[in-house]
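User: I would like to go through this chain one region at a time. Could you take my questions as they come?

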Amino acid sequence: MAMSKPDTLMECLTCSHLKTAGNWIVVEPIVSTENDISIYRLESNAGCYECKVSGLRWACKKKVTLQYHFRSWDPHKTVLQSMGYRQAGPLMDVKITAGRLEELHLPHFACFGVEHHNNPSIKQSVRVLHVEDNNVSIEKVDKVTRFHVKILPPSVSMRGVILQALGFSVHTEMLIYQDRTAHLTLRAYLIPYDPALTETVEKQEKRLGSTRILKPRPENTLWLTADYKLKTTCPSDIESSVNPKRLELAHINLPHYYKVFIKEAAFDFRLNLCCMGRKQLKWSQEIQEAEYRKPPPDNPDQQNQPDVEG
Ligand SMILES: [Zn+2]
């Protein structure tokens, strides 16, 4: 079902001064699973559309149907690194099953709202990795916007946004899951804002029967490759612990997480994320007792199938 939306799927205070272009109608995809791979199917009439899950955008003059699934960057990492590139968005395998596209815009998680002193022309370093029949090529892009890269021609196949830089500012997501243990155990994933990584984490946590505690993502940009420390405001380290205390913000297929353990949890507390280099508070959210102290479900099967969060 399509719905109108004034702005993009996400916000970022760091680049809020940059313009966002046009009105895109957000469309919810139909999701099915084939061989453990989630396939997202979309359909639209003439107009400009954005997929609610991935942020993929397209424009068409007549009715189209398309589908995509996420692919792993791992087979291409070595060649990317040897050329000084890093992945800056999901690698997506897109197919058109009916109709023709006028435009295709791939999502990216780079933030262009801060000055990059080491690389002032960072926006010009954006490219797209194109994989077709085992041939890999690096393509120039038509246009770079806050959250997207427009490619020409709008042909479909396996493509993902890349950036030629050692590090850069990125939009991020903090995913928090509660484990099914007697004591309070949380797993907090700080990841680049990449729907493919979110999908991986959600699938992994669903298998463990965890429950997601929904919290807002960091509202300012963070630096890829920097170290971030997570702390709780619990009174003593004897009752609570975070392991590891610090993690590098990285784009990896199986994201690392902070494990937060609180022995006798019966209170509200905060989770604070700090940048190690500048010791700045980058994200802070309260975890209330009411959020994590839920009654155990009667049917264990239901607990194994928590709702997938959008
Ligand atoms: Zn931004």
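User: How many bridges join strand β21 to β23, and in which sense do they run?
Analyst: In this predicted model, β21 (residues 227–232) and β23 are joined by three bridges and run antiparallel. Within that pairing, Tyr228 has Leu247 of β23 standing opposite.

User: Which sheet do they belong to, and what is its strand order?
Analyst: The order is β23-β21-β25-β26, an open sheet of four strands with antiparallel pairing. Its edges are β23 (246–248) and β26 (281–287), each of which pairs on one side only. From one strand to the next the twist averages 20°.

User: Is Pro244 buried or exposed, and why?
Analyst: Pro244 counts as exposed because it has 11 C-beta neighbours inside 10 Å, and the cut-off for exposed is 12 or fewer.

User: Which residues touch the most other members of the largest nonpolar core?
Analyst: Those are Ala110, Ala188 and Leu190, in a core of 67 residues. The strand that gives the most to this core is β18 (residues 184–192), with six residues.

User: Where does that core lie relative to the domains, and why?
Analyst: The core lies between domain 1 (2–165) and domain 2 (171–303), because both domains give residues to it.

User: Now the helices. How far does α2 reach?
Analyst: Helix α2 (residues 195–208) has 14 residues and reaches 20 Å from its first C-alpha to its last, close to the 20 Å expected at 1.5 Å a residue. Gly209 follows α2 and has a positive phi, near 75°.

User: Which residues of α2 are buried?
Analyst: Pro195, Ala196, Leu197, Thr198, Glu199 and Glu205 are buried in α2.

User: And what covers the buried residues of α2?
Analyst: The cover includes β4 (37–44), β7 (64–71), β17 (172–178) and β18.

User: What about the hairpin of β5 and β6: how many residues are between the strands?
Analyst: Five residues lie between the strands, and Gly55 in this hairpin takes a positive phi near 85°.

User: Which residues have a positive phi although they are not glycines?
Analyst: Asn35 is one of them, with a phi of about 50°, and Asp133 also has a positive phi of about 50°. Most residues other than glycine have a negative phi.

User: Where are Asn35 and Asp133 found?
Analyst: Asn35 is in the loop between β3 (30–34) and β4. Asp133 is in the loop between β11 (126–132) and β12 (135–139).

User: Are they buried or exposed?
Analyst: Asn35 is exposed, since it has 5 other C-beta atoms within 10 Å. Asp133 is exposed as well, with 6 other C-beta atoms within 10 Å.

User: Lastly, the overall picture. How many helices and strands does the chain have, and what share of its residues counts as buried?
Analyst: The chain has four helices and 26 strands. Of its 310 residues, 34% count as buried. Among contacts between residues at least 6 apart in sequence, 67% join residues at least 24 apart.

Definitions and conventions
Residues numbered from 1 in each chain as written. Predicted model: local features only at pLDDT ≥ 70, side-chain atom pairs only at ≥ 80, totals over all residues. Core = buried A, V, L, I, M, F, W, Y, C linked by C-beta atoms within 7 Å. Buried ≥ 20, exposed ≤ 12 C-beta atoms within 10 Å, placed from the backbone. Helix = DSSP H or I, 4+ residues; strand = E, 2+ residues; numbered from the N terminus. Domains from an automatic or database assignment. Expected span 1.5 Å × (residues − 1). Contact = placed C-beta atoms within 7 Å. Pairing = 2+ DSSP bridges. Axes fitted to C-alpha atoms, helices over the stretch in contact; angles between N-to-C directions.
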